[in-house]
There are 2 protein chains.
Amino acid sequence: VIDWAAVPMDDAGNGITRQTVHGDRSTVVRYVYPPGSVFATHQHPEEQLTVVLTGRITFTTPSGDVSLGPGGSLLVPPNLRHGARVDGDETVESINVLAPRRERSPSA
Amino acid sequence: VIDWAAVPMDDAGNGITRQTVHGDRSTVVRYVYPPGSVFATHQHPEEQLTVVLTGRITFTTPSGDVSLGPGGSLLVPPNLRHGARVDGDETVESINVLAPRRERSPSA
């Protein structure tokens, strides 16, 4: 079990916090985005699966914007540019899985 | 966005249903476990990250049993034997990510 309370938190900018756990074949990242926060557009070679646990967030991609609520899942192909912005007043919590394991500092 | 309503469902036994989406580097599986259901112990070479969305479920591993509720995350290393059984009366929904992509029929 990943005990998120025991995983150090780092600052992902704009008030967004991030906790990272490396597996052998994947990297798991928990994000907490405060209301109003924006995650800048970026890309990475790893495939990304995002599951939203709380709140509502819009992901921006070259093919359009998509809004996800609790339980919503998004699969971001390798090297696709994407960003995110929180919708509404609720803090967003998401779990992101990067595959393969991300060796660099994550900016998932 | 993964539109689970549009992904075909298959029978994983004991009333458990499964929907599978293959990415390039990972495979994403949504499970729905009815109350009382048990997923038999098994293993696979892929690493598995499980996120529980609803309900409560106990995962069994050689190093002990662990119970997960909504938002709980479990990282199962490659080739570790594991099984699961639903706790209580609530249907369990989970999202599992397998890395690398699972080429065989999934029994995650």
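Predicted model: local features only at pLDDT ≥ 70, side-chain atom pairs only at ≥ 80, totals over all residues.
## Relation of the two chains

Chain A is superposed on chain B by a rotation of 180 degrees with 0.0 Å of shift along its axis, and the RMSD of that superposition is 0.0 Å. That is the relation of a two-fold axis. Among the residues of chain A, the one that comes closest to the rotation axis is A:Ala99, whose C-alpha lies at 3.1 Å.

The way the chains touch can be described alongside this relation. Of the interface residues of chain A, 100% are also interface residues in chain B, so the copies meet through the same surface.

## The interface

Chain A contributes 24 residues to the contact, and chain B contributes 24 residues. About 2,100 Å² of area is buried between chain A and chain B, and carbon and sulfur atoms give 71% of it. Within the area that chain A buries against chain B, A:Val1, A:Arg25 and A:Ser73 supply 25%, which is more than any other three residues supply.

On the side of chain A that touches chain B, the elements giving two or more residues are β5 (47-54), β7 (64-68), β8 (73-76) and β10 (92-99) of chain A. The element that gives the most to this side is β5(A), with four residues. Sorted by class, the side of chain A that touches chain B comprises 17 nonpolar, four polar and three charged residues.

## Salt bridges

Over all chains, the structure holds ten salt bridges. One of the pairs in chain A joins the side chains of A:Arg101 and A:Glu103, with an N to O distance of 3.2 Å.

In chain B, the side chains of B:Arg85 and B:Asp65 meet in a salt bridge with an N to O distance of 3.4 Å. B:Arg85 lies in strand β9 (residues 82-87) of chain B and B:Asp65 in strand β7 (residues 64-68) of chain B, so this pair ties together parts that are 20 residues apart in sequence. B:Arg85 is partly exposed, at 37% relative accessible area, and B:Asp65 is partly exposed as well, at 47%.

## B:Arg30 and its surroundings

A further salt bridge of chain B is formed by B:Glu93 and B:Arg30, whose closest N and O atoms are 3.0 Å apart. This pair links distant parts of the chain, with B:Glu93 in strand β10 (residues 92-99) of chain B and B:Arg30 in strand β3 (residues 27-33) of chain B, 63 residues apart. Both B:Glu93 and B:Arg30 are buried; for B:Arg30 the relative accessible area is 16%, and the residue counts as buried because that value is under 20%.

The side chains of B:Arg30 and B:Glu93 are also joined by a polar contact of 3.0 Å, and the side chain of B:Arg30 makes another polar contact, of 2.6 Å, with the side chain of B:Gln19. Leaving aside neighbours within four places in sequence, B:Arg30 is in contact with B:Trp4, B:Thr17, B:Arg18, B:Gln19, B:Glu93, B:Ser94 and B:Ile95.

## Two further buried residues

B:Asn96 is found in strand β10 of chain B, and it is buried, with a relative accessible area of 0%. The side chain of B:Asn96 makes a polar contact of 3.1 Å with the side chain of B:Thr50.

In chain A, A:Gly69 is located in the loop between β7 and β8, and A:Gly69 is buried, with a relative accessible area of 8%. When residues up to four places away in sequence are not counted, A:Gly69 touches A:Val52, A:Gly55 and A:Arg56. The C-alpha atoms of A:Gly69 and A:Arg56 are separated by 4.5 Å, although the two residues are 13 residues apart along the chain.

Methods. Residues numbered from 1 in each chain as written. Chains lettered and ligands numbered in written order. Heavy atoms only, no water. Salt bridge = Lys/Arg side-chain N within 4 Å of Asp/Glu carboxyl O. Buried < 20%, exposed > 50% of the residue type's maximum accessible area, 1.4 Å probe, protein only. Least-squares fit on C-alpha atoms with pLDDT ≥ 70 in both. Contact = heavy atoms within 4.5 Å. Buried area = accessible area lost by both parts, 1.4 Å probe. Nonpolar A, V, L, I, M, F, W, Y, C, P; charged D, E, K, R; others polar. Polar contact = N/O pair within 3.5 Å; in protein donor to acceptor, adjacent residues only side chain to side chain.
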